Amino acid sequence: MNKKECLKIMVRCVAFVVVFSMLFSNATDLLMRHDDESNEIHAFYSEPKDTIDVLYVGSSPLLRGVSPMVMWNEHGFTGYVRASALQAPSVSYGLLAESLKYQTPELVVLLCDNIFTEYDYVEREGDLRRGLDGMKMSKYKLDIIKEVTEADERQSMLSYAFPLMRYHDRWKEINLAEDEPEPLLEHSFKKGNVYLRDINPQEYPEGFMEPTGEPYTFDESAKGYIEKSIALCKEKNIPVLLLHLPKMSWSYEQSVMVEEFAAENGAVYLDLDRAEYRSQLGLDPQVDYYDQGHMNLTGTIKLSDWLGDWLDAQYDLPDHRDDPAISESWNADWAEYAEKTGLE
Amino acid sequence: MAFTSFRFIVFLVLAAAAYFLTPKRCRWVTLFVANYVFYFISGGKIFIYLLATTITTYLATVKIGDMAAKNKIAFNEAKANLDKEGKKAWKAAFAKKKRRILIPTLLFNFGILAVLKYSGFVTSNLNALFAKIGIGAELPVFKFLLPLGISFYTFQSMGYLIDVYREKQEPEKNFFKLALFISFFPQIVQGPISRFGTLAEQLFRANEFSYTRVKYGVQLMLWGAFKKMVIADRAAVLVDNAFGFPETFGGTYVAVAALVYAIQIYGDFSGGIDIATGAAQIFGVTLDKNFERPYLATSIPDYWRRWHMTLGAWFRDYVFYPLSLSKFFMKLGKKCRNILGNYIGKLIPVLIPQFIIFFLIGIWHGAEWKYIAFGCYNGTLIVLGILFEQPLQKLAKKLGIRMNCLSWRIFQVLRTLVLVAIGKIITRAPGVSAAVYMIRSMVENWDMDVLTNGGLLTMGLDGKDLWVLFLSCLVLLGVSLMQESGIKIRETLAKQNLYFRWVIYLGAVFSLILFGVYGLNYNAADFIYRGF
Amino acid sequence: MEALLKILAELRPDVDFEGNQELVDSGELDSFDIVSLVGELCDEYDIEIGADDIVPENFNSVEAIWALVQKLQED
């Protein structure tokens, strides 16, 4: 084989790989399940470096209950929620560690109700994918996948690295004539706040948040990941707030345990189910809840309104409204958010 | 390590890279190391068995080789003084000497295979027998872990041993080279069963890298993966369902299931062989052909010539000929000719060994009664076929049926396919009685409505999957017919223009990715033939 | 040679033996034919043909079969 021929073959091989990759990524966009969570987690990457002041990581109460946009409008500090339904503690840690490569926030807020529950990787594949499919490939993502595939041998590394390998069967489900390839969301005006509009009146259970003496225990693995998360932030000199959002199934004992845990680890704990905050928040169980553990849109706005005040007072967060580098895009996003939510 | 796993692809790429980067002198060493690494990571902690076979084969062949060399010198010296009878006697005496090495080695190696594969079957059946006739004793039933590819490497190494014994093959003096021949990783899992004479030299020499060859190899692997992942693994869903509930799926469903199972097992086995052959081709090694469009066969013997060809050839050369040419059968044939007449008498030395072979092939498939029944079924068909060949031809002539035309050929192919599919029911059914039940219900409850009233959709595959299965089978049929008429697919494809080629390549890759059955919800059926 | 051709013609009247160089390789003679043929040859020429003589090269053409017979007669 002479040199010229060799070169020709190499060029062809490269071209083939390029065409293949394009088609592969198109097929992925076409067949992948598109969750709001994956989209919001993915849109995080488009935020310019070091422009996010508050980073929120954790499960669905954050996703439904905290709106960085409301806080921007009132106080001028930025925020982003990287939350997904039933987020595994390992995923939360990975998301946090990865986010800190892109942003240096003034404050990290972790939702850690899941410190009490053992995460079942075998049963929770859908929730894992909601958290992972929007994440770019990184060392952190690989670590999570490794933990998942070790716990559940039916799941493969490859299917997380290339979601098409997981969703390839969906050619049966989709309408090839109508559905078009839909890439993951590039930019979000919601900043991770996937609000829900439905109103489902709730009632506090009898004796809510009163001591009962019922024993609770931390799940060791979950606790380990939250400790690791706090330690990582400490290392970077970022304060950590452990947050609990309103939830009808919470208890006094759990609240106290997390408070002690936070103190031991040098983090602040804010429990919005404590009587003092409940009265300040003024949530109406008849109108502000989507279900017993999640806010709806009106609840989100009320809660974010109050939380914004509280965070601003506690942490002296910057106001970027006069900084065109940031405010231009955030104001535009606010306009869209306000229009969609009917705030203005 | 399944052939369609990502790990296998990675292993193959690494092994090929290592092979072509090694200096030419040592390339065979790299290949040898790759084989043992493959065997080890495929769960071969029990590779002591492979080692035992390699060592005994090595010692026996080298010893026989030595003896043969010495015998030759001695014979040449003594030849002048020997008459014809003396020469004969000398030869017979030497053959006897060689057999003293050959027989124990054969017994040892087939013994391992028999103990590992069949001891559980034998002891559990003996126990059942004891219980029936009232003997209180119970033998312990052992279940052994079968070493990967044990049937295949045992047959391959024993074939080599017999070749050396017959002095058709010089023994390999280098132990590691012999070990390489017995353990070549693409074919150790499920064949084809190779001969030393055709394979060894290809493994020992330093093969050059060739872009065209690698390309052809990869194409063949893709085609094999298509047959396995798109066709066979999809068919498996329906087959498992239908054979799992024989009471639910009676009548016409059995016929559908048998046909789909025939497609499944062909796609699975020949697909695996194509992957093995393609992988070997990357290293510059051409493996023996193992399938030649078996379902286009015109008769049962023709089918067995086209299905798992290397196993058939092995049995023919090392069992059938020795048996049917043995003094016993030759004498028997002569006697029978006197009693039964020329036509049948001549057939006796062919028919009985043939029946024995099919019995053995049946057992080879697995240690269960149904495989024995399968062997007897095929043996009977072949024997009947031979016995009635001439009478039937006479009958056809009398009736004026033309036989050298396409319609007759199609009739023959369909007839053979039906007989073959019935055989497949026997092997796939949970047991012999279930098989009989299914075949009976197929004959008794025939109901064509099932094909049109949506009954097919109850068999485990939805409409879309059935369409994919149907269309991919059409592709398979089209390719088979092209090959049958002598078209070389890859060579023909290479002559087409670039755009057409790329459409075909990309179409193949993406049909695998999208329509292949793999991943979580499906039980990626391991190659059915692997444990054999 | 004459006798050999007669045996072959009786065995497979449908095959044209003369000039054919790949009787076995092309599949025209199958294993049953070979065994029948060997039986006939042994009777006709008083020789012994063993399993190790059954290789395609010995049966691919009339000439090859004849050569085998002669070799075995000499032995």
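**Close-up views of a predicted three-chain model**

**View 1. The contact between chain B and chain A.** In this predicted model, eleven residues of chain B are in contact with 16 residues of chain A, two residues being in contact if their C-beta atoms, placed from the backbone, lie within 7 Å. On the side of chain B that touches chain A, helix H20 (residues 498-515) of chain B gives the most, with six residues; helices (H or I, at least four residues) and strands (E, at least two) are DSSP runs, numbered from the N terminus. That side of chain B divides into nine nonpolar residues, one polar and one charged, where Ala, Val, Leu, Ile, Met, Phe, Trp, Tyr, Cys and Pro count as nonpolar, Asp, Glu, Lys and Arg as charged, and the others, Gly among them, as polar. Of the two pairs of chains that touch, chains B and C have the most contacts, whereas no contact joins chain A and chain C, whose closest C-alpha atoms lie 35 Å apart.

Residues are numbered from 1 along each chain as its sequence is written, with chains lettered from A and ligands numbered from 1 in the order in which they are written. Local features need pLDDT of at least 70 and side-chain atom pairs count only at pLDDT 80 or more, while totals for chains, interfaces and linings use all residues.

**View 2. The five-stranded open sheet of chain A.** The strands follow the order E2-E1-E3-E4-E5 with parallel pairing, two strands being paired if DSSP finds at least two bridges between them. Strand E2 (79-83) and strand E5 (268-271) of chain A are the edge strands, each pairing on one side only, and the twist averages 20° from one strand to the next. Strand E1 (residues 54-58) of chain A is joined to the parallel strand E3 (residues 107-111) of chain A by four bridges, and A:Tyr56 stands opposite A:Val109 in E3(A).

**View 3. The two domains of chain B.** An automatic or database domain assignment supplies the bounds, by which chain B is divided into domain 1 (6-210) and domain 2 (297-428). Their centres, taken over C-alpha atoms, are separated by 29 Å, and twelve residues of domain 1 of chain B are in contact with seven residues of domain 2 of chain B. Helix H4 (84-133) and helix H5 (150-165) of chain B each supply at least two residues of the side of domain 1 that touches domain 2, and the residues of that side divide into six nonpolar, five polar and one charged.

Technical notes: Axes are lines fitted to C-alpha atoms, for helices over the stretch in contact, and angles run from 0 to 180 degrees between N-to-C directions.
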